[in-house]
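Please look over the sequence and the model before reading on. My notes are below.

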Amino acid sequence: MRVIAWLVEGTWPACVDAVRAHAPDDAEVVLLHVSGPDVPAVAHGAFAGLLGRGHRELDPGDRVEALGGMSAASLLDAAAERLGRPCVREERSGRVEREVVAAAEGAGLLVLARDGDRSRLGPKSLGPAVRFAVDHAPCPVLLVWPEPAPDLGTIPPSPPHHA
């Protein structure tokens, strides 16, 4: 069985802990980090549009991209240490939600954390990327709270009954 843990800054410890608790000992564990193209693209665009056409060597987008890669590697290193067992570290870049779904192809389990409004129960506790992954994953999904789940009293009220 292959278990994919989608790791995102701020919520990754809960995903690693869920893998430790729920993945069989003989499972192949893949720690996945996906970098979106947004931030480097904005830096490239700002430089080209406003600051310096013709001076590619000064483009800050390349530096931003390199820093993002170093950050991803640090996150994967910390997650592997927390996991405490052999694992594969995988870095991808592209549209985050689509890369996660593609990485889950053939997996036995995808582990991911809620990324929306985590102050209450309900559908708004899932942001767009996690919602996409939950809806499109080609394998079972384990969705975890990055911190203790809110009280049941936070469930949104039922819609009015129509007769």
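1. Basis. This is a predicted model, in which local features need pLDDT of at least 70 and side-chain atom pairs count only at pLDDT 80 or more, while totals for chains, interfaces and linings use all residues. Residues are numbered from 1 along each chain as its sequence is written, and side-chain values use heavy atoms, with hydrogens and water left out.

2. Elements. The chain has five helices and five strands, where helices (H or I, at least four residues) and strands (E, at least two) are DSSP runs numbered from the N terminus. Their order from that end is β-α-β-α-α-β-α-β-α-β.

3. Of the 163 residues, 37% are buried; buried means under 20% relative accessible area, exposed over 50%, and partly exposed in between (1.4 Å probe, protein chains only). The chain exposes about 9,400 Å², with 56% of this supplied by carbon and sulfur atoms (Shrake-Rupley method, 1.4 Å probe). Among contacts (heavy atoms within 4.5 Å) with a separation of 6 or more, 74% join residues 24 or more positions apart.

4. Cores. A nonpolar core is a set of buried Ala, Val, Leu, Ile, Met, Phe, Trp, Tyr and Cys residues joined through side-chain atoms within 4.5 Å. The largest one has 22 residues, and Val-3, Leu-7, Val-19, Leu-31 and Val-111 have the most contacts inside it. Two or more residues each come from strand E1 (2-6), helix H1 (12-22), strand E2 (28-35), helix H3 (60-83) and E4. H1 gives the most, six residues. A second, separate core has 20 residues, including Val-34, Ala-107, Phe-132 and Ala-133.

5. Leu-7. Beyond its neighbours within four places in sequence, Leu-7 is in contact with residues including Trp-12, Cys-15, Leu-31, His-33 and Leu-75.

6. Arg-114. This residue is in the loop between strand E4 (109-113) and helix H5 (128-136). Arg-114 is buried yet has no salt bridge, and the nearest side chain of opposite charge, Glu-147, is 8.0 Å away. A salt bridge would need a side-chain nitrogen of Lys or Arg within 4 Å of a carboxyl oxygen of Asp or Glu.

7. Ser-125. What joins the side chains of Arg-114 and Ser-125? A polar contact of 2.4 Å does; the term covers a pair of N or O atoms within 3.5 Å, and within protein one must be able to donate a hydrogen and the other to accept it, while residues adjacent in sequence count only if both atoms are side-chain atoms. Ser-125 lies in the loop between E4 and H5 and counts as buried because its relative accessibility is 0%.

Key
Lys, Arg positive; Asp, Glu negative; His and termini not counted.
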